Amino acid sequence: MSYTGDVSPGGAPAVRDLDRLTVTKLSVGPMDNNAYLLRCRATGDQVLIDAANEAPRLLDLVGDGGLTAVVTTHRHMDHWVALEEVVAKTGARVLVHGDDADGLPIAAETLADGDTVPVGDCALEVIHVRGHTPGSIALLHREPAGTPHLWTGDSLFPGGVGNTDQDPERFGQLIDDVEHKLFDRLPDETWFYPGHGKDSTLGAERPSLPQWRARGW
């Protein structure tokens, strides 16, 4: 069965084999958060994006392969409920953008725009996307001869950007960063994986950018 990215609370994970990474997507918790386990196909090293909730289910995904790091896309609590337990059981590094580090329940190593997070022989580029929170990030993996893949947290969803609490300044930051750091840099075939709900591609969403900017959310 081909990967669609469709997952549901309490349901089975969706698994996608890329050339260099295996992506496992799982819906956890009462807010239907997406957690993503990335495994380097060459080395077996694993990194978790957002230990959002339901630590036992996340640890089952990790299995006996160990966990190198947990990257938290932003400081909102629904994205780190399981962080302490997952880290305690695995010894994984805790990574978050420096502007959101004080929002986590445990000490973390801080990231900045342009940093890279290793996943075995692969790398995730950190892209700072301000607005949803001060330290929100997206993570970019470029397949050597294929499609870019982008994990966007709550900054970009199918149908619009993340919540900015109707604050015009925050919305301006977010729509500008999403447009210039993501859409202007990356091709239409870029597949993105958000913090909740279904995946999409930049090409599917690109025509709506002017509408999003005009409506202000």
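A: Four bridges connect β1 to strand β2 (residues 21-28), and the two run antiparallel; two strands are taken to pair if DSSP finds at least two bridges between them, while strands (E, at least two residues) and helices (H or I, at least four residues) are DSSP runs, numbered from the N terminus. Within this pairing, Arg16 stands opposite Val23 in β2. The model is predicted, so that local features need pLDDT of at least 70 and side-chain atom pairs count only at pLDDT 80 or more, whereas totals for chains, interfaces and linings use all residues. Residues are numbered from 1 along each chain as its sequence is written, and side-chain values use heavy atoms, with hydrogens and water left out.

β1 and β2 belong to an open sheet of seven strands with mixed pairing, in the order β1-β2-β3-β4-β5-β6-β7. The edge strands of this sheet are β1 (14-17) and β7 (109-111), each of which pairs on one side only. From one strand to the next, the twist averages 20°, where axes are lines fitted to C-alpha atoms, for helices over the stretch in contact (heavy atoms within 4.5 Å), and angles run from 0 to 180 degrees between N-to-C directions.

Two helices lie across strands of the sheet. Helix α1 (residues 55-62) lies across β2, β3 (33-40) and β4 (46-49), and runs at about 165° to β2. Helix α2 (residues 83-90) lies across β4, β5 (69-71) and β6 (93-97), running at about 165° to β5.
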